[in-house]
Amino acid sequence: MFILKIKCQRKTVKRESIDIYELYKGFTGRKILFIVVLLIVLPSMALVAILQGPASIGIKDAIFSLFHSSTLAHTIIWYLRLPRIVMAILVGIGLSFAGTVFQALLKNPLASPYTLGIASTAGFGAALGIVFNVGILSQYVIAGNAFLFAILSSFIILGVAKWKSSTPETIILAGIAIMYLFSSLTSLIQYQGSMEEVHEIVFWFFGSLSKVSWKEIAMASFMIILPLPILLKWSWDFNLLALGDESAKALGVKVEKTRIIGILLASLITSGAICFTGIIGFIGLVSPHIARMVIGGDHRFLLPASSLIGAILILMADTVSRTIWAPQVIPIGIVTSFIGVPFFFYLLIKRKREYW
Amino acid sequence: MKVFLIFILSPLYLFFGYLLASEAIVVTDSLGNHISVKLPVRRVVALTSDALETIRAIGAEDLVVGINKNIPKEPLFWPKLKGKPVVGNWMEPNYEALVQIKPDIIICYSRWGKGIEKKISPLGIKLVRLDFYKVNSLKRDVNTLSLLLGKEKEGGNFISWYQKYLNLIKERLKNIKYKPKVYIESYTPFHTDSMGSGGHEMCLLAGGNNIASSIPIPFPRVDPEWVLDKNPDIIIKAVSINGYELNNSTYLKKIREEIINRPGWENIKAIKESRIYIIASDIWAGPRAIVGIMYMAKWFHPHYFKDLNPEDIHKEYLKKFHNLKYRGIYVYP
Amino acid sequence: MLNIKQLDFNYHNIKALEDIGLNLNRGEVLSLVGPNGSGKTTLLKCINRIVKPKKGSIFIDGKDTSKMNSIELAKQIGYVPQATPSKFPMTVFDAVLMGRRPYISWRPTRNDLDIVAQILNVMNLKDMALRDFDQLSGGEKQKVLLARAFAQDPEILLLDEPTNNLDLRHQIEIMELISLMVKEKNISAIMAMHDLNLASRFSDRMVMLKSGRIFSIGNPHEVITSENIRSVYGIEVQINKDNNYPYMLPVKVADERK
C-alpha cells in the first residue's frame, strides 16, 4: 500500500520538485542581490569619504586635482585621504572575514578575531617596539613586532590544539590564558616606560589610520588578501561545521585539519590588519552578525557579505572620527566601540531565537 | 624660693613656648589654593623633575631627602642627588618609601595625581602643588617655593635673572608685524599643544602664531591633513629626552627625518624651507623654558636676535644656579 | 556487503567494544540493541570512522574503510545522528543540501538541487523547505536529518536512536521510511535502538550487545527471548508471538540471583 503511494507521488514529483527548485533559486537570488547592493554602496561611500576632511575640498577641486599633481588638494587626496580610505576598507574586510571564520571554526557566535588573544600579543609586541625599540624590521619596528607576536599567539594555540585536543572549548580557553598573560606583560612594559611612551602605547591600542602610506597598504593587502580565496573555498565546510563535529566528519569534512589551518590563516589575516593600525574592535564581531541577519548562515554568501559590511562600517567610523571634532582625530577604535556596543544590545533584544 | 623656681623653670617655658608658637605660613599653590605649612621645612621631596630643578636653582638642594624615579637615569645632571632614596613619581608615588623618609612637604603637579593628598595627610606630610612648567605662573610658583624653604633671596635672584631675558625678548618683539605660523608637536606623534599647555605659551612668547590655538583642549590629537592645509612656516617638535646626557644628535636627527618623511608632508612650507626644529624636553616647558623660548625666538625672528646666543644663556643658567658645566645636545639643527 | 572483524575500541583504557564481528547484506535492516553504555553508539561511530577503533577492520563491498579518504567514506555511509540544537540558522533545504557535500566541489549543480527537492517531496517536507530548521518539532527535525542522510546517496545508513523523543506517529513514519528506502535502493541500514519492539518489528536481523560484547545475534525471534532479556536488561518479560515479529511486555525487575 505504501509502495503504491510512492508510485503515484513519483509522477507528480517532477513537477513539484521544480517548484521547490524555483523557490530555492529565488532564495539564493535574494542573497546575491544583497551582496550586489553592498558592492554598490561601498565605493559610493568611499567617494563621499574622499571629500570629507578638515581641509575643505569640493567636488570640482577634487576632480581638478586628479590631473594636476602639484596642487595641495592632490597631495591631500592621494597621500592622506585615499590611503586612509583604502586601508579602512582592507582592514574592514580582513577583520570581518576573519571574525566570520573564527565564529564558524569555534562554533561560537561570540568569537571575534581577538578571541584567541591576538590583540594582547600584538599589543605586547608594539609596546616592546615603542618602549625598548627592540624588535624586527628596524624601519617598522612597531608593526613588525605586532605582527610577529600576533602570529606567535596562534602558534601557541595550535601547539595546545595538537598536543591536548582541538575542540573549540580548549582553543578558546587557551586564547583567554594567552590574553591575560600578555596583557600583564604589556602592563609591565608600560610601567617601565616614560609618560610619553605609555601615551603612545595607549593610543596604539585605540587604533589609528592616520599613519598609513601606500607602502604599508601594499604590505597589508598581501597578508590580508592572500588567504581569502583558500578560506572562501572552504565555505561548504564551514557550513557543515555548524552541524557539529561528528556530523561534519560523517559528511566528509576533515574537521581537525580544517580547524587548525583555518585558525592559522584567519590569524594571519587579523595580524596583517592590525599590525599597522592597532586594535580596531567590534567590527570583526558585529559584521558577521549583521550579515547573518540578512543573508543567513551559508558561508558562500556570508563571507563576502560580512566583509563588505565590515568595510562599510569602518569607513563610516573613520569618516566620523575625523570630521566630528575636526581637526582633532578621535582614535578609530573608540568610534567603532561606540557604534558596536549599542548595536550589540540591539541584536540581543531583537533576535528572534535563542540561537544566533 | 619662688624666685628660684621661676628662674629655673623659665627656660622650659621658653622652650615649650617656642614649640607651640612655631610658625605656620599660608602659601598659594598653582591651583590658587591656600595651603598652610608648618615652618621650618627641613625635608623636601619633589615628585617632579621640574620642581627638583627649581629647588636646586634656589640653592635648597641639601633639603632634598627623596627623589623621583627618573632622576637616577640622569646621573650627569644630578651628581649629588642620584644616590638619594627613590619614591616613585607623580603618577605612582611610593607611599611606603615616603613614610620611611618622612619629608615635611612633597611637591607635585597641579593637574595630575589627584588622590595623593588623601593618602599622605594621615602620615603628617603636606602636599604642595607647584607646576613650574608654565611661564606665566613661574614667578608665583618660585615665590611660594622660596618662602617655604626659607630661600627668599635666592628665589628673588632667580626670578630677576629670568625676568631679565623675558623682558628682553618682549622688548625686541614689541613692534613686529608678522608672526610666523607654527605647528608644535609635543612628545607623542600627531599631538599638538594648544591653549593651556606650556608649549603654546612658549610659542606665543617667542612671537609665533600657533596654528592650533583655537582647539579647546591642551593636547589634542590632530589629522595630518589639517597640518598640510594650514601650511605652517615653522615646525617645532619637542622630544622627551635628557639633553644633558646626550653625546650626539643622532636621536634628534632621526626624529627630524621621520617627520620629514611623513606621507604628503614634503609639501608643507616648513619642510620645503627646512625650518623644522627639534627641541629637547630639558628646555621645554619647565624652569628652563626661557632657554627654549630664546631658541624659538631666534628661529621665528632671526633678524631681531642676531646678537643673542641661547647657548650662552643656557651656560649662564647652569653655572649660576646649578654649579654645573654646560654639556649636551638640546636642539637640532 | 558490510564486514566487521574483531573490532575493539577503548575509551581511556576502558574496553568499550571488544571483539565485535558481524556481517550485513544489501537490503537488510539490522538493529543494535542493548542497555545504555553497552556500546551501540560507539559501534556506529567506529563504522563511519568518527572515532578510530583500537583494533579490527571494517570492509564495505570488499574495500577496507581505513584506506578510504573521508569524502569517499561519506559517499558510502549516511549517518543520522540524534537531533541537537544548532547555534546557527539554517533552512530545511540547506540542511538537506548538506548531505550532498561529498559530491559538491564549489557550487551545487542542478542535479544536486533536484535530488534534494525530490527527497523533500517524498518525505512530505516540501511545505517547510524554507523554514528555519531549529523551529521544527522533534519529529520533523529527525525526518530532516534522515533526508540529509538519503541525500548522501549512501550504501549504508547508520542511525543513532532515530525514534528517541518522537511521538508515536513520527516513530512509525520514520521506521517505515527507512524500510522503504532500504528495499527500494537495495542498500542496508544499521540502527541503534532503544525500543526493542520497534526494533524487532522493523529489522531483518538484530544484535544484542552487553558491556561492549555481542551477546546475541540473529533474526528477531532468535534474539528477543526472555532469557536474553533477563541476562542483558535484568527484567522479566512476556514474549507475544501473535504477529510475525516478537513483541515483549516488561513484567518486573528480575531477581538478582545468578
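Q: Okay, so leaving aside its neighbours within four places in sequence, which residues is Leu158(C) in contact with?
A: This is a predicted model, and in it Leu158(C) is in contact with Leu44(C), Ile47(C), Asn48(C), Ile77(C), Gly78(C), Tyr79(C), Val80(C) and Ile190(C), once its neighbours within four places in sequence are left aside.

Q: And which residues touch the most other members of the largest nonpolar core?
A: Leu158(C) is one of them, together with Ala146(A), Val96(C) and Val116(C), in a core that holds 172 residues. The largest share of this core comes from α3(A), which supplies 14 residues.

Q: What other core lies apart from that one?
A: There is another core of 98 residues, and its members include Ala51(B), Val87(B), Trp90(B) and Ile279(B).

Q: Switching to the chains, which pair has the most contacts?
A: Two pairs of chains touch, and the most contacts are between chains A and C. That contact takes 35 residues from chain C and 32 residues from chain A.

Q: Which helix gives the most on the chain C side?
A: On the side of chain C that touches chain A, α4(C) gives the most, with seven residues. The residues of that side divide into 21 nonpolar, seven polar and seven charged.

Q: How many residues are in contact between chains A and B?
A: Here 22 residues of chain A are in contact with 17 residues of chain B. On the chain A side, α3 (72-105) and α7 (195-206) each supply at least two residues, and α3(A) gives the most, with seven. The chain A residues on this side divide into 11 nonpolar, seven polar and four charged.

Q: Then how far apart are the nearest C-alpha atoms of chain B and chain C?
A: Those atoms are 42 Å apart, and the two chains do not touch.

Q: New topic: is Lys60(A) buried or exposed, and why?
A: Lys60(A) counts as exposed because it has 9 C-beta neighbours inside 10 Å, and the cut-off for exposed is 12 or fewer. Its place is in helix α2 of chain A, which covers residues 59-67.

Q: And how far is Lys60(A) from Phe282(A) in space?
A: From C-alpha to C-alpha they are 36 Å apart, while in sequence they are 222 residues apart.

Definitions and conventions. Residues numbered from 1 in each chain as written. Chains lettered and ligands numbered in written order. Predicted model: local features only at pLDDT ≥ 70, side-chain atom pairs only at ≥ 80, totals over all residues. Contact = placed C-beta atoms within 7 Å. Helix = DSSP H or I, 4+ residues; strand = E, 2+ residues; numbered from the N terminus. Nonpolar A, V, L, I, M, F, W, Y, C, P; charged D, E, K, R; others polar. Core = buried A, V, L, I, M, F, W, Y, C linked by C-beta atoms within 7 Å. Buried ≥ 20, exposed ≤ 12 C-beta atoms within 10 Å, placed from the backbone.
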